[in-house]
Amino acid sequence: MSSRTPNGLDKLGLENIGKVYYNLSYDELQAHEINNNECKMSSTGAAMCDTGIFTGRSPKDKYFVDQAPSNEHIFWGKVNQKIDTDKFDALFDLTTTQLSGKDIYVMDVYAGSSEASKRSVRFISEIAWQAHFVKNMFIRPTEEELETFEPDFVVYNACKTANANYKEMGLNSDVYACFNIEKNISIIGGTWYGGEMKKGIFSMMNYWLPLEGKLSMHCSANVGKDDDVCLFFGLSGTGKTTLSTDANRALIGDDEHGWDDHGVFNFEGGCYAKVIDLKAENEPEIFGAIVKDALLENVVSDNAGNVDYKDVSKTQNTRVSYPIEHIVNHKEDLQAGHPNNIIFLSYDAFGVIPPVSKLTKEQAMYYFLSGYTAKVAGTERGITEPVTTFSACFGEAFLPLHPTEYAHLLGEKIEKHNVNVYLVNTGLNGQGERMSIKDTRACINGILNGSINDAEFETLPVFDLQVPKTLAGIKDNAILNPKNTWDDESKYNETLRELANKFIENFHRYDGQGSEFDCSIAGPQL
């Protein structure tokens with residue numbers, strides 16, 4: 001535990017603060033979690049907590065204060081909802097009232113491993129395991145850095161309160177996650193789910209960095225022995241963490257990154273992996289990371305602390321957070337050079353997208369802006385089975401700016417650094433079966449070692465995607481063309497056209513954004 005009091009504690013708006021537990025060590029956090037009856041211990045030494053009735057994010061309860069100058073940049077709509085200053089102030093009072101007169105946990109951390117781009121963030125909570133989550137997920141300052149730490153942004157987590165007046169305020173529910181960009185604060189109430197804190201800061205990085213000409217990305221990243229860098233874009237549950245965690249490559253990070261003139265850098269200092277059906281033989285690095293200092297969420301265990309990863313009685317969104325140091329082969333400075341390869345991961349619920357396709361730059365822009373996948377069960381409230389969706393930039397829920405702002409930056413960087421881009425389907429085939437992890441790994445390996453470029457390609461009709469006919473490590477090369485996995489070719493063709501129509505309809509949202517974003521350039525044709 002740091003012996004000092006956080007700088008600027010008197011500026012937080014809290015009254016009669018009790019004990020301040022400041023940047024506790026992992027051992028101290030574990031003691032608090034047990035003494036507070038917040039956590040139990042697994043047989044491997046990881047803490048196990050429950051996040052209450054909310055086991056996923058609450059995107060319909062996310063708001064930005066409508067005020068200048070930030071309101072001139074924010075892309076308002078269902079993702080970025082407006083709240084006026086009076087309502088925000090009322091919720092801020094509710095939040096600070098809840099946290100006043102209490103013992104509090106304060107965590108000072110960094111978002112961003114790049115010295116030129118990082119932000120200093122302070123988290124305040126009543127809950128020890130939420131401080132543990134923050135310690136896992138963000139970059140941990142040294143004791144020397146804490147001496148002069150001044151937060152650029154403050155997150156108040158008052159999960160024990162809720163907004164009883166939400167109907168009178170015209171809000172969605174008693175849950176709230178609100179951002180005041182001008183005041184550099186955010187407030188959370190009504191939900192205990194740790195992911196709200198993580199994704200809240202990601203949303204802010206997605207606001208700050210593009211305005212500085214830096215690309216912020218919902219992706220994982222790793223680097224090979226020859227310093228070749230690969231980015232994996234995808235929504236939660238599509239395989240970003242699993243596929244980027246590779247014993248033969250150093251992990252830069254598993255979820256959130258920036259890309260500036262120097263290269264790629266992680267926003268975080270830890271990983272947040274889904275553990276549903278986790279097996280050591282399929283995901284040995286993640287399985288091995290669930291030891292002391294890791295934090296499991298909403299899992300089921302026996303009295304001895306043995307976790308049953310198949311049990312989804314609490315949620316299908318069972319997760320673990322752990323410091324990136326738990327991955328033996330990780331990039332210590334959480335940074336690397338410019339990418340050689342970019343992979344878009346999509347969970348295709350229709351079974352017509354190939355396991356792997358090579359994209360042109362124009363197709364890369366198209367599929368980035370489309371962000372096709374299916375929302376996976378449990379990731380958000382109300383999602384109980386895969387639902388087809390288009391999420392711009394593979395992370396629309398976290399984009400405060402218009403999606404084309406991010407696409408412009410991506411296109412510029414792909415061209416400048418001559419990056420190869422691929423689309424990989426981690427979803428279903430024509431039999432309704434999910435792609436095996438072994439076959440998906442073989443596709444990824446073919447991209448990383450360059451052998452995919454030696455393959456003979458054929459063209460997928462309608463979508464005009466370039467598909468390899470053979471690939472090393474694939475047990476049955478016939479699966480590389482999705483048509484071969486269907487029993488009824490006419491049904492395949494019908495479904496292919498059905499999905500193409502969905503792409504075309506979705507991309508009309510970019511009409512009027514200029515010829516660069518014209519659907520006819522690189523999308524499916526009917």
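In which sense do β1 and strand β6 (residues 104-111) pair, and over how many bridges?

Analyst: β1 and β6 pair in the parallel sense, over three bridges. Two strands count as paired if DSSP finds at least two bridges between them. Within this pair, Val20 has Ile104 of β6 as its bridge partner.

First, some ground rules. This is a predicted model, in which local features need pLDDT of at least 70 and side-chain atom pairs count only at pLDDT 80 or more, while totals for chains, interfaces and linings use all residues. Residues are numbered from 1 along each chain as its sequence is written, and side-chain values use heavy atoms, with hydrogens and water left out. Helices (H or I, at least four residues) and strands (E, at least two) are DSSP runs, numbered from the N terminus.

Now the sheet around that pair. β1 and β6 belong to an open sheet of eight strands, ordered β1-β6-β7-β8-β10-β9-β4-β5. Its pairing is mixed. The edge strands are β1 (20-22) and β5 (81-83), and each pairs on one side only. From one strand to the next, the twist averages 25°. Angles run from 0 to 180 degrees between N-to-C directions, and axes are lines fitted to C-alpha atoms, for helices over the stretch in contact.

Helix α2 (residues 85-99) lies across several of these strands, including β4 (62-65), β5, β6 and β8 (153-158). It runs at about 65° to β8. Contact here means heavy atoms within 4.5 Å. The loop between β4 and β5 holds Pro69. The peptide bond from Ala68 to Pro69 is cis, with omega near 0°.

Next comes another open sheet. Five strands form it, in the order β2-β3-β17-β20-β16, with mixed pairing. β2 (39-41) and β16 (270-274) are the edge strands, each pairing on one side only. Neighbouring strands are turned by 25° against each other on average, direction ignored. Strand β3 (residues 47-49) pairs with strand β17 (residues 295-297) in the parallel sense, over three bridges. Leu296 in β17 is the bridge partner of Met48.

β16 and β20 pair in the antiparallel sense over five bridges. Val320 in β20 is the bridge partner of Ala273. Five of the five residues of β16 are buried, so the strand is largely enclosed by the rest of the structure. Buried means under 20% relative accessible area, with exposed over 50% and partly exposed in between (1.4 Å probe, protein chains only). In a regular strand the side chains alternate between the two faces of the sheet. From β16, Gly270, Tyr272 and Lys274 point one way, and Cys271 and Ala273 the other way.

Helix α1 (residues 26-35) lies across β2, β3, β17 and β20 (319-323), at about 115° to β2. α3 lies across β2, β3, β16, β17 and β20, at about 115° to β17.

α3 also meets a helix. The axes of helix α3 (residues 128-137) and helix α6 (residues 195-208) come within 9 Å and cross at roughly 40°. That makes α3 oblique to α6; angles under 35 degrees count as roughly parallel, over 145 as roughly antiparallel, 65 to 115 as roughly perpendicular and the rest as oblique. Gln130, Phe133, Val134 and Met137 of α3 make the contact with Gly195, Met197 and Lys198 of α6.
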